[in-house]
Amino acid sequence: MKKHIILIPIIAALLVACTKDSPDERAAAMLREARYALHHHLWNEARDTIYSLRKNCPTAIEARKQAILLLDSIEMNAAADSLRLVTGEEWERLNVKKQFFERKLQEDLKKR
């Protein structure tokens, strides 16, 4: 009976280890989540997902490259969305931010 009690945690640990997603798979899922959030104008959620990807998947290089472009898109769209709500100096600041991310995104796409 003791052998069975000892084997159960070992088998459970092996099953968990075998079913864990690779860093690339986790990062790909996080990119999908961030794109979904971007599509639905959930700017903070999209940003947080990208930041989490950076922190939790440091070896998922291809996904991290895509995350750079996606974060630029998030920032550009968030600034453009905010432009509709403000005037004056705040509008100028956000317009400059939007233009910056537009140019940055264009340059990043050239490098790919």
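Guide: Buried means under 20% relative accessible area, exposed over 50%, and partly exposed in between (1.4 Å probe, protein chains only). This is a predicted model, in which local features need pLDDT of at least 70 and side-chain atom pairs count only at pLDDT 80 or more, while totals for chains, interfaces and linings use all residues. Residues are numbered from 1 along each chain as its sequence is written, and side-chain values use heavy atoms, with hydrogens and water left out.

Visitor: Phenylalanine 101, then: buried or exposed?

Guide: Phenylalanine 101 is buried, because its relative accessible area is 14%. Phenylalanine 100, at 42%, is partly exposed.

Visitor: How many aromatic pairs are there?

Guide: The structure holds one aromatic pair. Phenylalanine 100 and phenylalanine 101 form it, edge-to-face, at 5.0 Å centre to centre and 80° between the planes. Rings of Phe, Tyr and Trp (its six-membered ring) pair if their centres lie within 6.5 Å; planes under 30 degrees apart count as stacked, over 60 as edge-to-face and the rest as tilted.

Visitor: New topic: where does threonine 49 lie?

Guide: Threonine 49 lies in helix H3 (residues 43-56). Helices (H or I, at least four residues) and strands (E, at least two) are DSSP runs, numbered from the N terminus.

Visitor: And which residues does threonine 49 touch?

Guide: Leaving aside residues up to four places away in sequence, threonine 49 touches Met30, Glu33 and Ala34. Contact means heavy atoms within 4.5 Å. Threonine 49 counts as buried because its relative accessibility is 10%.
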